[in-house]
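Student: I have a model open and would like to learn how to read it. Where should I begin?

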Amino acid sequence: LGEAVVLSLGGALGGILLSVAGAAAVEHFAGWSISLSADAMVLSVIAAAGTGIAFGTYPAIKAARLEPITALRDE
């Protein structure tokens, strides 16, 4: 579960960095005025964390219910 959340947050932060860089490039080369909302960035991080929790919960619960020796033997 922790891994899923960390990967989701890493993707969200990477997306924010790319969007800020892209907006800065468009603003510089096209001469347009661009404003980025901090609220939207925070919302994207919350959504990414929620996605990591939602899609990481099922595998975490499934793994927690396994006997360790069974899990190692099935690998």
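Tutor: We will go from the overall picture to the helices and then to single residues.

Student: How many helices and strands does the protein have?

Tutor: This is a predicted model, and the protein in it has 3 helices and 0 strands. Read along the sequence, the pattern is α-α-α. The radius of gyration is 19 Å, well over the 11 Å that the globule rule gives for 75 residues, so the protein is more spread out than a compact globule. The C-alpha trace spans about 60 × 20 × 10 Å along its principal axes.

Student: Which elements have the highest and the lowest mean pLDDT?

Tutor: Since pLDDT is the predictor's confidence in each residue, start with the average: the mean for the protein is 87, and 97% of its residues reach 70 or more. Among the elements, α1 has the highest mean, 90, while helix α3 (residues 68-74) has the lowest, 76.

Student: How do I judge the span of α1 from its end C-alpha atoms?

Tutor: Compare the end-to-end distance with what 1.5 Å a residue would give. The 29 residues of α1 should span 42 Å, and the end C-alpha atoms are 41 Å apart, which agrees. Helix α2 (residues 38-64) has 27 residues and reaches 37 Å from its first C-alpha to its last, close to the expected 39 Å.

Student: Where in α2 does a kink lie?

Tutor: Look at G56, where α2 has a kink of about 35 degrees, shortly before the proline P59. At the start of α2, a side-chain oxygen of S37 comes to within 3.2 Å of the backbone nitrogen of D39. Just after α1, G31 takes a positive phi of about 80 degrees.

Student: Which residues of α1 are buried?

Tutor: The general idea comes from helix geometry. An α-helix has 3.6 residues a turn, so residues three or four places apart point the same way. In α1 the buried residues are V5, S8, A12, I16 and A23. What covers these buried residues includes α2.

Student: Which residues of α2 are buried, and what do they pack against?

Tutor: In α2, A48, A49, G52 and G56 are buried. The buried residues of α2 pack against α1. Note that G56 is also the site of the kink. Of the 75 residues of the protein, 12% count as buried.

Student: Is S8 buried or exposed, and which residues is S8 in contact with beyond its sequence neighbours?

Tutor: Relative accessible area decides the class, and buried means under 20%. S8 has a relative accessible area of 18%, so S8 is buried. Leaving aside neighbours within four places in sequence, S8 is in contact with A48, T51 and G52. Of those, A48 and G52 are among the buried residues of α2.

Student: Are E3 and G10 buried, partly exposed or exposed?

Tutor: E3 lies in helix α1 and counts as exposed because its relative accessibility is 61%. G10, also placed in helix α1, counts as partly exposed at 41%.

Terms used: Residues numbered from 1 in each chain as written. Heavy atoms only, no water. Helix = DSSP H or I, 4+ residues; strand = E, 2+ residues; numbered from the N terminus. Buried < 20%, exposed > 50% of the residue type's maximum accessible area, 1.4 Å probe, protein only. Expected span 1.5 Å × (residues − 1). Bend = angle between axes of the 7 residues up to and from the residue. Contact = heavy atoms within 4.5 Å. Polar contact = N/O pair within 3.5 Å; in protein donor to acceptor, adjacent residues only side chain to side chain. pLDDT = per-residue confidence, 0-100. Rg over C-alpha atoms; globule rule 2.2 N^0.38 Å.
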